[in-house]
Amino acid sequence: MQFHLDGYRTGDPLVEDAHPSVRERPSGLPDETDVLIVGCGPAGLVLAAQLANFPDIRTVVVDRKDGPLEVGQADGVACRTVEMFEAFGLANRLIDEAYRVNEVSFWRPDPEDRSRIVRAGRVDDVEEGLSEMPHVIVNQARMLAHLREHMERSASRTTPFYGLQAGDIDIDTSGSSDHPVTVELVHLEGLQPTGESSTIRARYVVGCDGSRSGTRQAIGRSLVGDPMNQSWGVLDVLAVTDFPDIRLKCAVHSANDGNILIIPREGGYLVRLYIELDNVRDRDTLRNQDATPEKLTAVANRILHPYTLEVHDVGWWAVYAIGQRLCDKFDDVPAGETDTRLPRVFIAGDACHTHSAKAGQGMNVSMADTWNLGWKLGSVLRGTARPEVLHTYSQERQEVAQELIDFDREFAAMFSARPSEPDAADGDGVDPATFQQYFRDQGRFTAGVAVRYPPSMITAAGSSQHLAPGFPVGMRFHSAPVVRLADAAPVHLGHVARADGAWRLYLFADRADPAATCSALRQLCEVLGSDRSALTRFTPAGTEPDSVIDVRAVFQQHHRDLALDRMPAVLLPRKGRFGLVDYEKMFCPDPAEDDVFDIRGVDRETGCMVLVRPDHYVAHVLPLHGHEELTDFLSGVLLPAR
């Protein structure tokens with residue numbers, strides 16, 4: 001990380017100086033705000049953490065609960081989500097505390113005695129090279145605590161307001177108001193109304209308020225989908241058991257007693273059990289809604305036979321029903337009015353899509369929703385991006401949610417199906433080996449790295465993809481190990497990107513020495529450093545040179561073979577009030593790792609540009625001589641600097 005840019009100061013460098021506008025703000029709930037976020041769950045706090053990096057933008061976060069979540073709920077953190085947490089500087093804290101999922105064990109009925117279960121196989125949880133980040137398990141409450149701490153340390157000093165529930169929402173569509181959304185906030189104590197209410201006016205409102213979202217109802221959207229006809233119990237327990245794979249993620253299928261998903265938790269002792277409840281055998285418990293941890297434990301022992309589970313402490317438990325439901329649109333603009341009206345109210349997470357917890361996607365996809373939305377709101381409010389970019393949120397994320405619903409429906413059905421018997425003639429049930437293979441085949445999807453956004457104003461259609469097939473346009477920028485030129489530090493290329501709203505332009509050099517006049521990269525850098533470059537056109541006066549477009553270069557030479565002082569000036573930008581040089585813009589292949597040019601298939605003869613969106617998805621691949629095409633593309637997204 002970089003700090004001390006504007007002067008040396010002691011203390012924790014992670015705590016930023018408060019923005020001047022923050023010091024001028026009165027305490028308490030304001031009458032007006034730029035963005036109102038309803039809900040302090042994963043989606044709401046990822047959005048708030050992003051906008052905390054835009055301290056000139058006022059963000060208000062409200063939640064109906066009396067305080068932060070302490071235990072329970074989601075726990076699976078996909079590789080892509082850990083990559084996202086790296087953009088907040090939080091990945092290492094998350095990994096150090098979490099349980100790391102390395103392998104998955106599959107259990108099925110014993111062919112010799114189907115009343116018993118036996119191990120059917122083990123597979124790697126994540127395929128080799130899929131991500132530099134692991135799949136981890138950690139309490140959702142801890143993830144939210146990390147995000148709140150990031151907000152509190154930021155220059156925005158953002159903290160949520162608790163005990164407030166969004167009520168009526170009125171949207172002024174006339175275009176005459178700077179704060180066109182008026183929201184009534186009902187004051188609660190212990191989740192009960194106190195009789196008081198407040199009114200706040202906002203430029204934008206984002207409803208991250210769960211499956212019973214009042215924000216969704218206020219904009220006339222509804223969840224549509226399959227009925228919830230399969231019930232599951234979940235237990236976080238400290239237990240003594242003779243089940244041998246209790247510290248592995250396990251999918252357990254019994255012959256006639258149901259199924260269990262076992263998820264080891266952080267700390268070495270805690271384990272989560274997702275327990276299928278039989279609609280016939282357990283119907284009295286479900287009908288009377290009198291489930292208890294003791295009853296759920298009894299079902300678990302029934303499924304795990306001949307092994308036993310003795311529960312000594314329950315950290316959290318719940319019973320819920322599976323259902324796959326989805327909204328047709330994730331903002332307030334009717335489908336036929338997108339050409340004439342801009343969105344002002346958005347919904348994210350469970351407010352617009354619900355599904356089972358079996359594949360561990362709920363929290364991850366919810367956070368990905370607002371990761372997609374946050375930079376768009378911040379850029380539009382700052383005046384650097386065209387307001388039409390806000391339409392792409394619903395376009396992109398609704399399609400992803402539909403893919404999740406389709407996957408979850410199939411995955412949940414396979415997990416809940418009765419295991420087929422060996423040599424069964426009627427083909428009834430699911431072959432355990434087939435389920436194991438399906439799990440392996442869907443690994444990229446469950447890791448969160450299979451998302452590919454279609455062409456739009458922020459993702460190019462026609463690109464020179466052949467120049468870098470390992471950086472597919474529309475997919476997340478897949479990081480790779482490199483060495484920083486200035487200090488020979490081994491780093492990951494993708495980790496230079498922060499959650500700061502900036503576009504990243506990675507210049508992968510041609511073979512020539514970048515100091516030579518024949519170098520295509522050097523010629524491009526001369527254009528980028530001139531008055532006719534995209535940097536000059538879109539970077540507002542008085543802001544840092546990399547605040548809108550952050551240029552980074554990756555050379556083919558060994559880092560000891562290049563002279564730092566002969567590199568192009570655009571790669572040594574001067575920043576801050578002292579005009580200090582930023583030396584962290586240039587990289588070389590890491591001799592101790594696979595060469596980034598090889599593993600991502602970058603054309604060594606010609607090199608290329610890889611333009612990456614602020615949410616770290618590849619927007620374009622261009623030849624090094626394609627600076628005019630780069631400017632044309634960005635002109636459709638960014639506004640000329642004022």
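Good morning. Helices here are DSSP runs of H or I with at least four residues, numbered from the N terminus. A cavity is a set of points, on a 1 Å grid over the protein atoms alone, where a 1.4 Å probe fits but cannot get out, and lining residues have an atom within 4 Å of a point.

The model is predicted, so to speak of local features requires pLDDT of at least 70 and side-chain atom pairs count only at pLDDT 80 or more, while totals for chains, interfaces and linings use all residues. Residues are numbered from 1 along each chain as its sequence is written, and side-chain values use heavy atoms, without hydrogens or water.

The second largest cavity holds about 130 Å³ of space; a volume is the space filled by probe spheres set on the grid points, which are joined across faces, edges and corners. Its lining has 14 residues, and Arg80, Glu83, Phe477, Gly494 and His616 are the closest to its centre. That lining divides into 5 nonpolar, 4 polar and 5 charged residues. Here Ala, Val, Leu, Ile, Met, Phe, Trp, Tyr, Cys and Pro count as nonpolar, Asp, Glu, Lys and Arg as charged, and the others, Gly among them, as polar.

Let us turn to the largest cavity. Its volume is about 260 Å³. Among its 22 lining residues, Arg80, Ala368, Arg397, Gly448 and Val451 are the closest to the centre. Helix 9 gives the most to this lining, with 5 residues.

How values were computed. On a 1 Å grid over the protein atoms alone, a cavity is a set of points where a 1.4 Å probe fits but cannot get out, and a pocket is an open set with protein on both sides within 12 Å along at least five of seven lines; lining residues have an atom within 4 Å of a point. Helices (H or I, at least four residues) and strands (E, at least two) are DSSP runs, numbered from the N terminus.
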